[in-house]
Amino acid sequence: MNHGIILAPMEGLVDAPLRDILTRIGGIDRCVSEFIRVTEGQLNIGSIRRIVPESLQDWKTATGVPVHPQLLGSDPRWLGHNAALLAELGAPAVDLNFGCPAKTVNRHRGGATLLREPDTLYHIVAAVRAALPAQIPVTAKMRLGYSDTSQTLDCASALAAAGAAEIAVHARTKMDGYKPPAHWEWLARVREAVKVPVIANGDVTDVADYQRIRQVSGCQQVMIGRGLVARPDLGRSIQLMQQGAAAQAMTWAELQPWLVDFYSQVRSRVADRHAPGRLKQWLGFLARNYPEAQVLFDQVRRQTCADTLQTRLASEIAAAA
Ligand SMILES: Cc1cc2nc3c(=O)[nH]c(=O)nc-3n(C[C@H](O)[C@H](O)[C@H](O)COP(=O)(O)O)c2cc1C
């Protein structure tokens, strides 16, 4: 599983349509799905298929990039049971979320709150490891801690000791939220504390950030979330840089057909009242790098009609052509 660039799991932001678009643009070696919440009981197969429709095509995007499902929960038995179910459905690996800062998730003892309990982390990963066939890896994603870094290394060691094959680390505590900077120097400390590969994550927004996070952390693999949403060709640019080739940044005109494709995929999946929000959300991220996305965003901000928005997008393209 030695892939270089991993598209981060992002619930409510990176779903199957965006995974499809971003992996077709290129430079992404693997995706992790949005979290699938496990409470008590077996997951509904329909919800697994809805969250990870790639599960119907051998857990790969259209361009063949593997998608690993992510589970979130705190009950070792039910997490194990549902991980085994994912394996039966052909999942190539199962990732566990120990980083989610959401209040409702944490109240139910899921996500980042477990970073205060390294023993619980150990029990969860061990139960999932035991429930999965030997050839299916269990991986974990953590933050540096809940309120501070006093237990970072204990948590990472517990995950590795219990059988996590890789650990992705978002270099912030739960209390840090998304406040910059991410503490990349901690990634090196985690890497030195465990024998399994550590995946560096947090605030990589361009090729220079990628080079720096690799250098500071010493990690081979880098997970990128918002940076890829805001700069869809970031993975491709990194790949070209690694091959010693110069990358031409994707222009707004080149990006537009992808926006149209994305929006039509979204419309085939969600109700009309939800579709405009999804497009505006992506435009909001793209505006960080494309002033034209901000202009379009401002123009369609109040547009709630899915059809009108589609027409508006088509005319934007016609105007740019
Ligand atoms: C909207 C949003 C949703 C997220 N959902 C998940 C999730 O489902 N599972 C998870 O492990 N992390 C989730 N994360 C955290 C990201 O995977 C990642 O760790 C974080 O955004 C930092 O990386 P970045 O700076 O490259 O975006 C989410 C982050 C955002 C902004």
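A: What follows describes the surroundings of the ligand and then turns to a helix. The model is predicted, and the place to begin is the site itself, where the ligand sits in the largest pocket. Around the ligand there are 17 residues, and the closest of these are Pro9, Gln70, Asn201, Asp203 and Arg226.

Some individual atom pairs can be picked out between the ligand and the protein. Asp203, already named among the closest residues, has a backbone N or O atom that lies 2.7 Å from an oxygen atom of the ligand. The backbone also takes part at Phe35, where a polar atom is 3.2 Å from an oxygen atom of the ligand. At Asn97, by contrast, the side chain is involved, with one of its N or O atoms 3.1 Å from a nitrogen atom of the ligand. On its own the ligand has 610 Å² of accessible area, and the protein covers 88% of that.

The helix to look at is α1, which spans residues 16-25 and is mostly covered, with 9 of its 10 residues buried. Just after α1 comes Gly26, which takes a positive phi of about 115°.

How values were computed:
Residues are numbered from 1 along each chain as its sequence is written. This is a predicted model: local features need pLDDT of at least 70, side-chain atom pairs count only at pLDDT 80 or more; totals for chains, interfaces and linings use all residues. Side-chain values use heavy atoms; hydrogens and water are left out. A residue is near a molecule or strand if one of its heavy atoms lies within 4 Å of it. A polar contact is a pair of N or O atoms within 3.5 Å; within protein, one must be able to donate a hydrogen and the other to accept it, and residues adjacent in sequence count only if both atoms are side-chain atoms. Accessible areas come from the Shrake-Rupley method with a 1.4 Å probe; for residues, only the protein chains shown count as cover. On a 1 Å grid over the protein atoms alone, a cavity is a set of points where a 1.4 Å probe fits but cannot get out, and a pocket is an open set with protein on both sides within 12 Å along at least five of seven lines; lining residues have an atom within 4 Å of a point. A molecule sits in a cavity or pocket if more than half of its atoms lie within 2 Å of its grid points. Buried means under 20% relative accessible area, exposed over 50%, partly exposed in between (1.4 Å probe, protein chains only). Helices (H or I, at least four residues) and strands (E, at least two) are DSSP runs, numbered from the N terminus.
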